[in-house]
Structure formats: C-alpha cells, structure tokens
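This briefing concerns helix packing, nonpolar cores and selected residues of one protein. Please consult the sequence and structure shown here alongside the points that follow.

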Amino acid sequence: MPASRPDPIAAMADGQARLLLADSVPDALAALRESLPDPDGSRLVSVLLDPIPGPAAILDAAIADLAEVALALWPSWYGDSVPLRDDGPAALSWQRLMALGPDLADRPRKDLVLPWFRKAASRCQNRQPPTLPEFAPALQARQLALAIAPGNLIVALGIGDHPPEPGRLLALARCAEWLARETSARVLVVIPEALADSSELDPISFRPVRILPPDQPTGRLPTDDEQAHRVWPVVGRPHPYSPGEQKLAALLATDPDLGPLFHHNVRVQSRRGPSFLVDLLWPEGKVVVEIDGYSFHSSRASFSADRSRDYHLLISGFLVLRLPHDEVVQDPFLALDKIRDVVRFRHPQPTPRSTPQ
C-alpha cells in the first residue's frame with residue numbers, strides 16, 4: 001500500500017463505493033472533510049458503526065443515521081438555500097421547491113417525492129427523525145440524501161473498536177454498495193488496515209487507499225459533545241452537532257451588543273488564496289472565533305492545519321480567538337466575556353474627554 005496521501009474522493013464518480021484503510025478510524029473520519037473536492041458544493045456525512053449491525057438490520061441503521069442528520073439540519077434542507085419554516089409542508093409546491101436553489105432546480109422533478117416530504121417535514125417539526133417505514137427503504141434513502149445535499153453527497157461509514165462478528169463486514173460492504181447505487185452518493189467505508197484482507201469486503205470493487213499517514217493518528221473516539229464533524233459543512237447557522245456552538249448562539253441571541261455583530265459558519269477568503277469556514281465571524285471588525293473540540297484538533301495533522309489557518313487569517317487582517325469546546329459547554333458566559341474582551345480590544349470605546357473645571 002503506498003505511503004502517500006492520495007485523494008480518496010476526487011477520483012470517485014457518483015454512485016461508487018470505496019474502501020479506505022486507516023490506523024485510526026475516528027481520525028480518518030475527521031480528516032475526510034479536508035479531502036472534499038468542492039467544499040462549497042459538497043457535503044460529508046460520517047457515521048461510526050460500533051458495533052456493525054447484523055445483515056438484517058444494517059440497512060435500517062443506515063437509513064436511521066441519515067434521518068438523524070436530516071433532522072439535525074432541518075429546516076435547512078435542499079442545499080441550505082431557504083429554510084422551510086415559514087409556510088409549513090402542507091403549503092409546499094413544486095414551484096416553491098424550485099426556488100430553493102440551483103442544485104435542486106437542476107434535478108428532474110421525479111427525484112423529489114412530495115408525499116414523503118410532507119410526512120418527513122411533519123416529523124421534523126415535532127423533533128422526530130424522519131424515518132417513514134411506510135415508504136420503501138430505497139425511496140427513503142434517496143429522499144434523505146436529497147434533503148441533506150441536493151448534489152455531491154459523500155457518506156463515510158466507519159467502524160468502531162468492537163471486532164466485527166463473522167458476516168458483519170460483508171453486510172457493511174453490501175450496504176455501502178446499496179447506498180451508493182440508490183442515492184448516487186459517493187460512499188466510503190473506513191476500516192483499520194488490519195482488516196483490509198478480509199474477503200467479506202470483496203463487494204467493494206473500487207481500489208482501496210490509505211487515508212492517513214501512520215504518524216498522525218490519535219486513536220481517540222469523539223465524545224458526545226464533539227460530534228460537529230458528523231456532517232460538514234453547515235453554513236449560516238450554528239452547527240447542529242456542536243453543543244458549544246448551540247449554547248454560545250443562544251447567549252449571543254440575547255446579547256444586544258454582541259448578537260448583531262457575529263455570523264455563524266461563514267466562509268472567509270484569505271489574501272493568499274485559501275478560504276476557510278469559520279465558526280463565528282464579525283465581518284466589520286474582522287474577528288474570527290473558533291470553537292475547538294479536542295477530538296478533532298489533537299492530531300499532528302490538525303495541529304499543523306490550525307496553525308496554517310491562523311497564519312492565513314492573520315495576514316489577511318483577521319484576529320482569531322480559539323475557545324476550547326469543553327470550556328464553552330461548561331461556562332458559556334465566560335466564553336461570551338472573552339469574545340466581548342476581544343471586540344473591545346479590536347475596537348476600544350473612545351475615552352470620554354474630561355470636563356474642564
């Protein structure tokens with residue numbers, strides 16, 4: 001197996017599945033977002049299967065995971081173009097859906113099934129995952145994939161620490177091929193390299209590659225509070241899988257001074273070429289706030305990428321404040337005070353002139 005870092009996604013066509021080998025499956029799932037061929041037009045959904053469900057349950061489990069992601073993204077479906085919250089599903093027409101964005105408008109009318117949408121939207125409005133067993137599994141998978149990303153969806157299926165039981169890898173391989181075929185997504189199966197020779201993985205015919213060099217894994221599974229990379233990117237709103245972003249957003253919404261300044265998950269163009277999706281941005285003051293979870297910022301690769309990112313933002317005139325995710329969750333008021341201090345540092349209030357005596 002070559003030691004280089006080939007691009008595991010760009011070489012794939014829609015509707016294909018590929019096997020990825022990694023020293024650390026959690027690190028590989030986190031690193032895949034850096035491999036998106038088109039960060040502005042792609043969306044990555046990562047799923048950690050621990051343990052791998054049995055053959056009879058794995059398709060249901062895959063659909064349930066997609067439904068959980070769709071619920072987290074609601075009401076910003078179909079490319080985040082226009083939230084679907086104003087009229088409700090009963091008033092939805094095909095013409096209105098066509099106004100949501102070019103990605104959806106380019107797809108054939110038959111791709112979107114309105115009866116499924118109306119029932120799925122009703123469940124999401126009640127904060128229930130849109131799993132609808134009255135619809136065939138293939139239809140559910142296609143509709144969920146379309147809601148999550150109208151085009152260019154990548155699904156990464158990784159396995160956890162439990163050694164797979166006989167037949168489970170075969171079920172995973174067949175599920176990956178089924179998902180790719182039914183949703184037209186590119187599906188990646190991420191496994192430890194030690195399992196690469198299993199004949200159960202033969203249904204995945206696309207050539208396997210390594211996703212990370214051997215000196216970079218942390219081997220640490222993300223905690224429940226550090227799941228922001230389960231779906232990426234999310235633009236223009238707090239990330240639904242980041243409790244830190246959600247708590248901070250709630251406080252900012254009630255703060256009359258800071259609330260109007262900051263925007264969530266905005267792409268920033270640097271002076272020397274790279275663009276970055278930042279957690280919080282004050283555009284006028286050129287202040288960036290990043291909320292860093294340990295699981296996704298503790299490897300050598302992440303450490304180096306963060307420093308490069310900070311450098312490009314710095315020379316482009318941005319002031320960057322990094323807040324630990326755990327700190328934001330445990331004491332969001334302290335995090336808000338730090339942001340307030342940086343805003344004051346960036347644009348201090350003029351000192352009032354003393355009145356002559």
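The axes of helix α6 (residues 137-148) and helix α7 (residues 168-183) come within 9 Å of one another and cross at roughly 65°. Helix α6 is therefore roughly perpendicular to α7, a term for angles of 65 to 115 degrees, with those under 35 roughly parallel, those over 145 roughly antiparallel and the rest oblique. The model is a predicted one, in which local features need pLDDT of at least 70, side-chain atom pairs count only at pLDDT 80 or more, and totals for chains, interfaces and linings use all residues. Residues are numbered from 1 along each chain as its sequence is written, and side-chain values use heavy atoms, with hydrogens and water left out.

**Overall composition**

- The protein contains 11 helices and 10 strands; these are DSSP runs numbered from the N terminus, helices being H or I with at least four residues and strands E with at least two.
- Of the 357 residues, 50% are buried (under 20% relative accessible area, with exposed over 50% and partly exposed in between, for a 1.4 Å probe and protein chains only).
- Among contacts (heavy atoms within 4.5 Å) with a separation of 6 or more, 73% join residues 24 or more positions apart.

**Packing of α6 and α7**

- Helix α6 contributes Pro 137, Ala 138, Ala 141, Arg 142 and Ala 145 to the contact, and α7 contributes Trp 178, Leu 179, Glu 182 and Thr 183.
- By class, the contact of α6 with α7 comprises 6 nonpolar, 1 polar and 2 charged residues; Ala, Val, Leu, Ile, Met, Phe, Trp, Tyr, Cys and Pro count as nonpolar, Asp, Glu, Lys and Arg as charged, and the others, Gly among them, as polar.

**Nonpolar cores**

- The largest nonpolar core has 60 residues, and Trp 77, Trp 116, Ile 148, Leu 172, Leu 179 and Val 187 have the most contacts inside it; such a core is a set of buried Ala, Val, Leu, Ile, Met, Phe, Trp, Tyr and Cys residues joined through side-chain atoms within 4.5 Å.
- At least two residues of this core come from each of β1 (17-22), β2 (43-49), α2 (58-73), α5 (114-125), α6, β3 (153-159), α7 and β4 (186-192).
- Helix α2 gives the most to this core, with 10 residues.
- Another core, of 19 residues, lies apart from it and includes Leu 32, Leu 44, Phe 206 and Leu 277.
- Beyond its neighbours within four places in sequence, Leu 179 is in contact with Ala 62, Leu 66, Ala 141, Leu 157, Ser 184 and Val 187.

**Packing of α8 and α11**

- Helix α8 (residues 243-254) packs with α11 at an angle of about 65°, their axes being 10 Å apart.
- The crossing of α8 and α11 is right-handed.
- From α8, Lys 247, Leu 248, Leu 251 and Leu 252 meet Pro 332, Phe 333, Ala 335, Leu 336 and Ile 339 of α11.
- This contact of α8 with α11 has 8 nonpolar, no polar and 1 charged residues.

**Pro 332 and Glu 245**

- Pro 332 belongs to helix α11 (residues 332-346) and counts as buried because its relative accessibility is 13%.
- Glu 245, in helix α8, is buried at a relative accessible area of 6%.
- Pro 332 and Glu 245 are 87 residues apart in sequence and 9.6 Å apart in space, C-alpha to C-alpha.
- Leaving out neighbours within four places in sequence, Glu 245 is in contact with Pro 238, His 239, Asn 265, Asp 279 and Ile 291.

Conventions: Axes are lines fitted to C-alpha atoms, for helices over the stretch in contact, and angles run from 0 to 180 degrees between N-to-C directions. A crossing is left-handed if the near helix is turned anticlockwise from the far one by less than a right angle, and right-handed if clockwise.
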